[in-house]
Amino acid sequence: MQFYIDQYFPDDINAVGDAGMAGFDEKRPLYFSGSKNFLEFYREEIKKLHDAGATGTEVCHLISEMMDELNNKLFRTIIYDLAGGDAMLEHISLIAVGGYGRGELNPYSDIDIMFLHDGTIPVPTVEDIAQKLLYFLWDMRLDVGYSVRTIADCVEMAAADGTVKTALMDSRFCSGSRQLFDDLVKVIFSQILPKSSDKFIKEKMADMKSRREKYGSTVYLLEPNLKEGEGGLRDLQTAMWVARVKYKFSDIRELIMKGIVIDEELETYHSALDYLWRIRNELHYYSGRKNDQLTFDAQVHLASFMGYRKRDRVLAVEDFMRDYYRHANRVEHLASSLVSRCIWRDEGALKILGYFVRRPVGDGCFVLKGELIVPDESAVENNPVLLMRIFEMAQKHGVSLNIRVKGLIRKNLHRVNNKFRRNREVNQSFMNILQAPRNVTETLRLMHHLEFLNSFIPELEHIYCKVQHDLYHIYTVDIHTLFAVEETEKMLSGELDKILPLPCAVAAQIGKRELLILSVLFHDIGKGEGGGHAEKGAAMIPTIAGRMGLSAEDGERLEFLVRQHLLFAHISQRRDLNDEKMIAQFARQMGSSENLKMLYLLTVADVRAVGSEVWSSWKASLFQELYEKAFNVLERGEFQQEASSERVRGVVAKVSALLEDDLSSEEVQQELKAMPVRLLLSNPAPLIAEQTRLLLGLEHSGILMRITHQPESGYSDFTICTHDMPGLFSRITGVMAANGVNILGAQINTSKNGKVLDILQVNSPQGIPITDDQRWRKVQDDMRRVLQGETNVAELVEKRHRPSVLTSRPAPRFATQVEIDNEVSEDYTVVDILTHDKIGLLYLITSTLTELGLYIGVSKISTKVDQVADVFYVRDIFGHKIHAEDKLAEIRSKLIAAIEVWV
C-alpha cells in the first residue's frame, strides 16, 4: 500500500492570512484537518485489508508506515515553518522507539517517539517542536509517549533505567538528521549495550517473574493477557532484548550466523509474532481501544473471526483457545530456550571445567550447577527408558533440567510408543515419581510442559488445553488437574494441616499415595469427550491400569474413584445430611473406608483447585460432616439403624433430664412430642434442650431470634422461632435478601403444635461472618415487621435489588435447569435448581414454591461464583411427596419462568 499524504496538505497553504506568508498558528487548522482526513482514510483501508485476511505482520507494518508518513510530514512542516527552511534538520532527528521503533503497531497501540538533537539547538526550541507535533497527535486521540534527548542523555539514562535501554535497542530512524541517528546507533552498540549487560539480563528476568505474578504464572489462564501473560508477546520481546544485549546484533539473522539459533527457530519466532499480532489487531478493532485481555466475550468473537466453527459438542471458542494455548506453550518454550542460551555463556570453558565438577547420578546423566545434563545425547536413542528416568533423577536430586535436556526430550517424543508405555522399568520409574515425598507436582508439570505426559498417557490428550467456559474455573482442565495434584501432595505431606486438619489426618492414613495421585490426575480425563465425563473417564481406566501394570484391586479402586469423583460434593452440598438412610446408602456405595478416604481427599483437592472463590469454610464443614457420618457407618457396619421410636424415646429422656431443674417436666414432654422426629434424631441432646427452651419461650413472645457466630467455619447460625404461617420461609429469605445476608443452608422444623424453629447458616456475600450488631438489629427489626404484617417483604426486596442503569446484565451461559427426584428421600420430593446467581434469587424461588402450595422442609444452597445449585426438600399441604406428573411439570415450568424473568 502506498501512502499519499501530500494530497491532504494544500499546495497554497501559505496563502492563508493577510500577509504573503501565513504563520504556523494560522495554518494549524489546515494541517490538523489534512492529518485527520489522512489518518481516517488509511486506517479504514488497512482495516479492509485486515478483514480480507491480511497477516498480522502486514497490518502492523502498514500501520507503522502510515504513522511514519504522518509524523515525518508534520515534523518537517513544523520545522520549516519555525525556522523558515530545513537547515535545522541537520541537528535534530525524529526517532521511533519501543513497539513503534520495531514497526509493530497494532490499531490502538501507544506511539513512542524521541526527539534527538545534537545540543546546538536551544532546548526550548526543541521542546516547542516536540509540543507542536505532539498536540497534533493528541488532538487526534492517539496515545503518544515522547522524550527529548541528546546522545549523552541517552547514555546516562540507559545506565540508570533498563526500560530506556530496551527502548533504544528498538529505535528506528524516521526523519531529520540521518547522521545523528547513525551516531546514536554506534553509541548503543559501543557504550550502552556492553555496559552492565549482566545486570540488564537479571533485570529482565526479574521483570518476567513479576509479570508472571501479576498476569498469571501459567500459559493456561482462561482469560489470558495476550501481551504480558506467559507465552505472550512480551516473552518474545524479552528474549530478543536479552539476545541483543548478549550478542550485539542489529539484524536478527546474525543469530543464525553466530550459531545461536537455527533457521527453523527463527521461522517459529516470526510465525509466532504474526499469529499473536493477527489476534491482537482484531482484539483492538473489536474493542475499539487498546486491549490485551482475552475475555470470554472476546474469545467467542475471535474464534468466529479466525474461522473456527462448532463441531459435535465442541464449541468453536474451545477449539480456538486450545490452539492458542498450544501456541503460547511453544512461545514460552522458544523464549525460555533463547534466554537460557544467553545466560549459559562461555560454554567452551564450562565444558572443560564441567568435566571435573559435574556429579554423576547414573544412566549417563550428571548434575552441574543445579541442573541435570546429558552430555551424550545418543544415550536416549540407545535406551529410551532414560526419557522417564531423567524426570525421576531430577526429582530425586532436587535439580532442574538443563535447557538442552528439555530440547532432547521434545526431540525424542516419537520414542514414547506403546512398547515404551508398557515397559516395566518405565512404569516403575513413573510410580517412583508419584511415591516421592516431594516435588511430585513440579515433576508432573514439567512432563506436561514438555508434552511428555500426554505422550506417555495419550488419554490425557483429551483434556490438554481444554477450555471450561465458566467464571469459576480459571484454568484449562489439564492445569486445573495439576493444581488438584498439588493440593493432594500438600495434604499428603501435612503442609496444609493448619487449614485442613481433617483432610491432612486422613491423608496420613492412605496406604497407596500413588493411587490417590493417579485418581486426581485422571478424575477429569473424560471431559474432552463431551457430556457424562465421569463415566467416560472411568471407562478409560482399565486400559490405562493394564498398561501401567497395576494390580486388579488397584485398577478397580482407580476406576471407582474416577467414576464417583462428583458424588461426594453432590451429596454433601445438595442432600440432607440428617437423612440417616441416605447416609447409609452412600456408605454402602463406598464399599470400604479406604475408598471413602480417597474420595474425600480427591473431592477436597478438586474443589480447592478450581479457584480461590470456590472453596469455603462452609463447604469444608459439609465435607467433614458427610465423611465422619459415612465413616462411622462403615466402621461400625451400622447399615441398619435401630428403630427410630426407640431412639426418640432415648433422646426425650436425655433432654428432659437436662431441663428438669428449670422447666416443668410436663411442658418439656409435650414440646418434645410435638417436635419433628428428624430434629430429635439429627442433633445432640444439649442443643435440643436449648431449642426446647426457645420453643417454650414462644408462649410469652410471638417471635424469638438468636444469632450464634461460628468464626472458624466462616458463618453464623441464625435461629428464628415463631408460629407457622403461609409462606413463612419465603418471608424469612426475603428479609435476608433485603439486608444483603447470604444464606448457605437452612433446616426448617415445624412442630405438630404449630410452632416453627428455622435454623439458617448465613454469612456476608464476601464469605465471612457478619458480626456487626447494628446490622443484626436491623435484620431482626425487619423480620418482626414482616412477620407481623406491618411491612411487605416484596417491597423490601425490590428496594435492595432495583437494577442500576449503569450495569448491564451479562447473557446467561446456560439455561436454568430444574430437576425433581422422588427416590433420594423417603419423606420429601427433592427439587434441584441450577441457575445463574441473582440478588434475591432464594426469595424468588421460595415464594414461587409457596404459591405452588408446597411446604419446604430442608433447603441447601451451593454457590460457585456466578452459578447456583439450590436444593429444596418439599411436601404438599397434606405432608405428602408430590407424585402427580402434571403437578411435577407445573413445578418445573413455573420455577423456570419465574427465574428467567427475574432481572
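In this predicted model, threonine 692 is buried, with a relative accessible area of 0%. The residue sits in helix H34, which spans residues 685-697. Beyond its neighbours up to four places away in sequence, threonine 692 touches Val655, Leu659, Val668, Glu671, Leu672 and Met675.

Glutamate 451 lies in the loop between H20 and helix H21 (452-456), and has a positive phi of about 65° although it is not a glycine. Most residues other than glycine have a negative phi. Asparagine 439 is another non-glycine residue with a positive phi, here about 60°, and it is placed in the loop between helix H19 (424-435) and helix H20 (440-449). Asparagine 439 counts as partly exposed because its relative accessibility is 24%; glutamate 451, at 23%, is likewise partly exposed.

Charged pairs come next. Side chains of opposite charge can pair when their charged atoms come close, and the structure holds 43 salt bridges. One of them joins glutamate 45 to lysine 48, with the closest N and O atoms 3.3 Å apart. These two residues are 3 apart in helix H1 (residues 24-51), so about one helical turn separates them. Glutamate 45 is partly exposed at 25% relative accessible area, and lysine 48 is partly exposed at 47%.

Lysine 512 pairs with aspartate 554, their closest N and O atoms being 2.7 Å apart. Here lysine 512 belongs to the loop between helix H23 (501-507) and helix H24 (513-522), while aspartate 554 is in helix H26 (residues 552-563), 42 residues away. Lysine 512 is partly exposed, at 36%, whereas aspartate 554 is buried, at 10%. Arginine 575 and aspartate 832 also meet in a salt bridge, at 3.0 Å from N to O. That pair is 257 residues apart, connecting the loop between helix H27 (567-574) and helix H28 (580-590) with strand S14 (residues 829-836). Both arginine 575 and aspartate 832 are buried. Finally, a network of salt bridges links Arg102, Glu104, Asp170 and Arg244.

Definitions and conventions. Residues are numbered from 1 along each chain as its sequence is written. This is a predicted model: local features need pLDDT of at least 70, side-chain atom pairs count only at pLDDT 80 or more; totals for chains, interfaces and linings use all residues. Side-chain values use heavy atoms; hydrogens and water are left out. Helices (H or I, at least four residues) and strands (E, at least two) are DSSP runs, numbered from the N terminus. Buried means under 20% relative accessible area, exposed over 50%, partly exposed in between (1.4 Å probe, protein chains only). Contact means heavy atoms within 4.5 Å. A salt bridge is a side-chain nitrogen of Lys or Arg within 4 Å of a carboxyl oxygen of Asp or Glu.
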